[in-house]
Amino acid sequence: MTTTINPSLPDRAAVSPPRDSVARRGSVFLYRHAKVRLGLLLSAPLFWLGLVYIAALIALLITALWTVDSFTGDIIIEWSFDNIMTVLTGAVYQAVTLRTLGAALLVTVIDVVVALPIAFFMAKVASTRAQRWLLIAILTPLWASYLVKAYAWRSVLSEGGVLDSALAPFGGSTPGYGFEGTVITLAYLWLPFVILPIYTALDRVPNSLLEASSDLGATTGTTFRHIVFPMITPGIIAGSIFSFSLTLGDYISVKIVGGATQMLGTLVYANVGTANNLPLAAAIALIPITIIFVYLAAVRRTGALDNL
Amino acid sequence: MSSTPAIRLTGLTKSFGAVTAVDQVNLDVAEGEFFSMLGPSGSGKTTVLRMIAGFEQPTSGTVELFGNDVTAAAPFDRDVNTVFQDYALFPHMTVLENVAYGLRVRGMNKADRTARATEALEMVRLAKYGDRKPTQLSGGQRQRVALARAIVVQPKVLLLDEPLGALDLKLREQMQVELKEIQRKLGITFIFVTHDQEEALTLSDRIAVFNDGGIVQLGTAEEVYRAPNSEFVANFVGTSNVFSAEQSAALFAGTSACSIRPEKIVLAPAGSTAAHDISIPGVVAETIFLGASTRVVVDLEGGKRVSALEPNDDEAGIAHTRGDSVVVGFNRSSLVTLH
């Protein structure tokens, strides 16, 4: 018997084995040593996460426990819970915390309500072409500077501005600079961050499930309640984490369109700057962090994070 | 038959832009019939099914269910249910909740719908799996859940869109038997879409063979197999040796294009006396062992290539090998004239 596989094929030069090189030997080494591979892969991100990210948070906590010499303005490294007690018991801080929490919830609700139909249209109704254009339309504002967008809203909200003249025929007027203006502006700024995860979640719901539901007798509304909504809940929660936490920490928009409105962010800003009380600012900054932790823990219990 | 057909399609047409997917389909399906729509992908069979279910609106033509025009009705207002190709089970619900869904949206109370759903799951032998999520089931089990979910709401017509396409051969054969049994038990009309001709032949009372958006042949399984009316059907339903008008004239003085099934062809050693109406010498080009039979490909004199199916039950069977000279024999009565 001959060993030739196909005698009818003409003779050709044999395929030579790959040539030896340093890169090749390195690859072979890494292929055989899984732990080295893992170490190389994880060391940089772990360094970043551990030292830069978590250490900064711990530094914040430690700073909150220091005090400031009211006379010289120097930081005194002396452990006390005074700042944290001030923040927890002071009427001003409680009011500002509630206002900020209210703004975060309002912005989140507005964004989810606006994002749902847009995301649904993009994922389930629009043609592939329209879908792409809509995606671009939603992503483009993210390239524009945050400051420019906030100032744009300042002009929109101004007296005699676009909103004012648009509402005038209906007897309305601009809410002006204040809490409402801040909520509207922040809802605008974070909308793309809410649309995208909901759109992704909807995109992953096969059309056949919607057809099956309607085939089994469910009207469109029932299908949305029983099939679509439960399946996109993780997407809605992911979006809400963005709008909620970004609102909790924001101070620039509040400064630009908030008028005299105080939020946690502006309090931190004032204490770091004018008041020169870094420890108190750190103590205030712990409030949104605590709220977010509670929020994430609550979300985790619903199991929504598992499918994120 | 004088009774109203379960489904009547009249001049059903569907265009997607410039493409006509379904072109002027007219069809009556009787109550209690196991009806198959057979055709290659893109032949329009699934689009017809989706128009019956209400997922697609026809460009023109009507769909009637038991005499009622439902062309404009929404899917949830039609007494038909679908078993989807990808099963379309709701991933966030348990198997039992999936099956009970149709009853739930109809407002049936929990105790009743659980009882009915359990009954339906028993019918497909999955009563024990009610608490599982669809992802924890095998393909065959998911298939049966989809079936239970569709029949629990007692539709008058069940539409099945290539339901067995994703299953392996053994499971598919087993499911074919189960489907047939369930259909007989329920006595409702099944409309079964498939591209698998064997499946269609096995299951159906009648078959509509689709090609290029229209029905090219309609008949019982036996009619379609024994008397294909065109080269397309002859080749698509089973395998056939098709002779063009010129070839049949040259080889056996035939008058028109015709076809013959491989199992009707008998091979004899070269030089043996003719036992058939037609004997043509040829050379064996290839033999393919298929288990119960062997497919022998023979190059006839003049270049035409035919394939014969020889049963392997003969103990003293003549094993043909490549290059053997043989005589290809068949009777004129076995030839089917094509139009």
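**Exercise 1.** Is Ala137(A) buried, partly exposed or exposed?

*Solution.* Start with the setting: this is a predicted model, where local features need pLDDT of at least 70, side-chain atom pairs count only at pLDDT 80 or more, and totals for chains, interfaces and linings use all residues. Residues are numbered from 1 along each chain as its sequence is written, chains are lettered from A and ligands numbered from 1 in the order in which they are written, and side-chain values use heavy atoms, leaving out hydrogens and water.

Next, find the residue: Ala137(A) sits in helix H5 (residues 128-139) of chain A. Helices here are DSSP runs of H or I with at least four residues, strands are E runs of at least two, and both are numbered from the N terminus.

Now the cut-offs: buried is under 20% relative accessible area, exposed is over 50%, and partly exposed lies in between (1.4 Å probe, protein chains only). Ala137(A) comes out at 48% relative accessibility, so it's partly exposed.

**Exercise 2.** Which residues of helix H12 (264-272) of chain A are buried, and which helices do the buried residues of H12(A) pack against?

*Solution.* First, pick out the buried ones: Leu264(A), Gly265(A), Thr266(A), Leu267(A) and Asn271(A). Then look for their contacts, meaning heavy atoms within 4.5 Å. The partners in chain A are helices H4 (91-125), H10 (220-249), H11 (252-257) and H13 (278-302).

**Exercise 3.** Over to chain B: how many helices and strands does it have, and what part of it is buried?

*Solution.* Count the elements of chain B to get 9 helices and 18 strands. Then take its 339 residues: 50% of them are buried.
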